[in-house]
Amino acid sequence: PALRSMKLLLVSNFTDIPNEHHILNLLFCEGLTYFHLRKRNYTARQMARYIERIAEPFRANVVLHSHFELIAEYGLRGAHFTKKY
């Protein structure tokens, strides 16, 4: 019972990993609660393309660490402000 209320959070690697989008979507299907998307060197366009590869029903569980202007456009969960911001 206690495990059912547990929230699972995943923080992305700063660099891309093979099959990242596929793995991420599978993790959401298996119960991933939140995904913190942090890609230091991505432009806004690259970040938008990354988000578009996340299945639409899961985007509401994505938190951005940069390019906050994309949050409303893609219906994301919100922003995580780091020391940089």
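Glu-20 touches Ser-12, Thr-15, Lys-39 and Tyr-50, leaving aside residues up to four places away in sequence. Glu-20 sits in helix α1, and its relative accessibility of 10% counts as buried, because buried means under 20% relative accessible area. Please keep in mind that this is a predicted model.

**Salt bridges around Lys-39**

- The structure holds two salt bridges, and Asp-16, Glu-20 and Lys-39 are linked in a network of them.
- In the bridge between Glu-20 and Lys-39, the closest N and O atoms are 2.9 Å apart. This pair links distant parts of the chain, with Glu-20 in helix α1 and Lys-39 in the loop between β2 and α2, 19 residues apart.
- In the bridge between Asp-16 and Lys-39, the closest N and O atoms are 3.4 Å apart. Asp-16 belongs to the loop between β1 and α1 and Lys-39 to the loop between β2 and α2, so this pair ties together parts that are 23 residues apart in sequence.
- Is Lys-39 buried or exposed? Lys-39 is buried, with a relative accessible area of 1%.
- Asp-16, by contrast, counts as partly exposed at 48% relative accessibility.

**The sheet**

- Four strands form an open sheet in the order β1-β2-β3-β4, with parallel pairing. The edge strands are β1 and β4 (residues 78–79), each of which pairs on one side only.
- Strand β1 (residues 9–11) runs parallel to β2 and is joined to it by three bridges. Here Val-11 stands opposite His-36 in β2.
- Between β1 and β2 the chain passes through helix α1 (residues 20–29), and this β-α-β crossover is right-handed.
- β2 also pairs in the parallel sense with β3 (residues 62–64), again over three bridges. In this pairing, Phe-35 is found opposite Val-62 of β3.
- A right-handed β-α-β unit is made by β2, helix α2 (residues 44–52) and β3.
- Two bridges pair β3 with β4 in the parallel sense, and the bridge partner of Leu-64 in β4 is Ala-79.
- Which way do the side chains of β2 (residues 34–37) point? Tyr-34 and His-36 point one way, Phe-35 and Leu-37 point the other way, and all of them are buried.

**Helix α1**

- Glu-20, His-21, Leu-24, Asn-25 and Phe-28 are the buried residues of α1. Looking down the axis of α1, you will find them within an arc of 125 degrees, so they line one face of the helix.
- The buried residues of α1 pack against β1, β2, α2 and β3.
- On the other side of α1, His-22 and Cys-29 are exposed.

**Helix α2**

- In α2, the residues Met-47, Ala-48, Tyr-50 and Ile-51 are buried. Seen down the axis of α2, its buried residues fall within an arc of 160 degrees, so they too line one face of their helix.
- The cover over the buried residues of α2 includes α1, β2, β3 and α3.

**The nonpolar core**

- In soluble globular proteins, nonpolar side chains tend to be buried together.
- How many residues does the largest nonpolar core have? The largest nonpolar core has 18 residues, and those with the most contacts inside it are Phe-28, Phe-35, Leu-37, Ile-51 and Leu-64.
- Two or more residues of this core come from each of α1, β2, α2, β3 and α3 (70–74). The largest share, four residues, comes from α2.
- Phe-35 is worth a look in your viewer. Not counting residues up to four places away in sequence, Phe-35 touches Leu-10, Val-11, Ser-12, Leu-24, Phe-28, Tyr-50, Asn-61, Val-62 and Val-63.

Definitions and conventions. Residues are numbered from 1 along each chain as its sequence is written. This is a predicted model: local features need pLDDT of at least 70, side-chain atom pairs count only at pLDDT 80 or more; totals for chains, interfaces and linings use all residues. Side-chain values use heavy atoms; hydrogens and water are left out. Buried means under 20% relative accessible area, exposed over 50%, partly exposed in between (1.4 Å probe, protein chains only). Two strands pair if DSSP finds at least two bridges between them. A crossover is right-handed if, with the strands pointing away from the viewer, the path from the first strand over the helix to the second runs clockwise. A nonpolar core is a set of buried Ala, Val, Leu, Ile, Met, Phe, Trp, Tyr and Cys residues joined through side-chain atoms within 4.5 Å. Contact means heavy atoms within 4.5 Å. A salt bridge is a side-chain nitrogen of Lys or Arg within 4 Å of a carboxyl oxygen of Asp or Glu. The arc is that of the directions from the helix axis to the C-beta atoms.
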